[in-house]
Amino acid sequence: MGLDKLEFKKLKGWLQNAARDRRLVSVALILGMAGIVLIWLSSLSPHEKPEPEPDESSRQFDSFQYRKELEEDLCRIVRAMTGDSAPQVMVTLEDSGSGEYAADGRESGGDRESSYVILKDSGGAEHGLAIRQRQPRVQGAVIVTKAAGDPAVREKLVNAARALLGVSAGRVCVVEGG
C-alpha cells in the first residue's frame, strides 16, 4: 500500500507549504522543545524501585567456583608431592563468603535513609556496588592418595593442605586409597 505518484506529489507539496508557513514551523519547534523538556524532567524524578539485595545465586556460583579451584590446586600439589596420578581431593566451605556494598545515605526530616548503589550491566541486570568481598571460609579437606600409607608423606600432605587452605591440622584428613 505504497503511495502512488499523485499522492506523493500532494504530500510533497503540502510539506513544502507547511515549511514556508512560519506559524506551523514555530508550533513544531515549540512542541519538539516541550517533548525534550518532558523527557529530561522524567529522568529527574525519583523512581521507586525495590532495592535488589546482593545476588545470592551469583554468590553461590562464586563459592562453588572458588571451592573447585581450591580442590584443583590441592590436587596438583598432592600429585607433585606423591607422584600419585589420580589422587582424590575434596574441600568443604563454612559459608559462601560475604560482601560489603556501597550505600547512599540521605537525611530527610531528621531521619537517615540509605539505599544501595546499584549498577546496571550491559545485559540490563542490576548489581550492588561491592566495596569489599570476603572469600568463603574453608571448613576442611579430605585427601585420598595411594602414598598416604607412609606417615611422613601423610604429615607433609597435611602441612601442605594447612598452608594452602589456611586451616588447622585437625581440619585436614589424609587417607590411603586408590
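Does arginine 67 count as buried or exposed, and at what relative accessibility? Arginine 67 counts as buried, because its relative accessibility is 19%. Buried means under 20% relative accessible area, exposed means over 50%, and partly exposed is in between (1.4 Å probe, protein chains only).

1. **Basis.** This is a predicted model, in which local features need pLDDT of at least 70, side-chain atom pairs count only at pLDDT 80 or more, and totals for chains, interfaces and linings use all residues. Residues are numbered from 1 along each chain as its sequence is written, and side-chain values use heavy atoms, with hydrogens and water left out.

2. **Overall layout.** The protein chain has four helices and nine strands. Its pattern along the sequence is α-α-α-β-β-β-β-β-β-β-β-α-β. Helices (H or I, at least four residues) and strands (E, at least two) are DSSP runs, numbered from the N terminus. Of the 178 residues, 19% count as buried. The accessible surface comes to about 13300 Å². Carbon and sulfur atoms hold 56% of that surface. Accessible areas come from the Shrake-Rupley method with a 1.4 Å probe; for residues, only the protein chains shown count as cover.

3. **Contacts along the chain.** Take the contacts with a separation of 6 or more: residues 24 or more positions apart account for 67% of them. Contact means heavy atoms within 4.5 Å.

4. **Arginine 67 and its partner.** Arginine 67 sits in helix H3. Its side chain meets that of glutamate 71 in a salt bridge (3.0 Å, N to O). A salt bridge is a side-chain nitrogen of Lys or Arg within 4 Å of a carboxyl oxygen of Asp or Glu. Side chains of opposite charge can pair when their charged atoms come close. Arginine 67 and glutamate 71 are four residues apart in H3 (residues 56-82), so about one helical turn separates them. Both are buried. Leaving aside neighbours within four places in sequence, arginine 67 is in contact with Val91 and Leu93.

5. Glutamate 71 counts as buried because its relative accessible area is 9%. Lysine 68 is partly exposed, at 31%.

6. Aspartate 73 and arginine 76 are three residues apart in H3, so about one helical turn separates them. Aspartate 73 is partly exposed, with a relative accessible area of 28%. Arginine 76 is partly exposed too, at 45%.

7. **The core.** The largest nonpolar core has 19 residues. Leu74, Val91, Ile143 and Leu165 have the most contacts inside it. H3, strand S1 (88-93), strand S8 (138-145), helix H4 (151-165) and strand S9 (172-176) each supply at least two residues of this core. H3 gives the most, with five residues. A nonpolar core is a set of buried Ala, Val, Leu, Ile, Met, Phe, Trp, Tyr and Cys residues joined through side-chain atoms within 4.5 Å.

8. **Strand S1.** Side chains alternate along S1. Val89, Val91 and Leu93 point to one face and are buried. Not counting residues up to four places away in sequence, valine 91 touches Arg67, Leu70, Glu71, Leu74, Val138, Gly140, Ala141 and Leu165. S1 and S8 pair in the antiparallel sense over six bridges. Two strands pair if DSSP finds at least two bridges between them. Methionine 90 stands opposite valine 142 in S8.

9. **Glutamate 100.** Glutamate 100 lies in strand S2 (residues 98-101). Its relative accessible area is 36%, so it is partly exposed. Glutamate 100 and alanine 130 are 30 residues apart in sequence and 5.9 Å apart in space, C-alpha to C-alpha. Leaving aside neighbours within four places in sequence, glutamate 100 is in contact with Leu129, Ala130, Ile131, Arg132 and Gln133.

10. **A nonpolar patch.** Val37, Leu38, Trp40, Leu41 and Leu44 make a nonpolar surface patch of about 530 Å². Patches are made of residues with over 30% relative accessible area and no salt bridge: like charges are joined within 9 Å, nonpolar side chains (Val, Leu, Ile, Met, Phe, Trp, Tyr) within 5 Å. Leucine 38 is found in helix H2 (residues 22-44). Leucine 38 counts as exposed because its relative accessibility is 59%.
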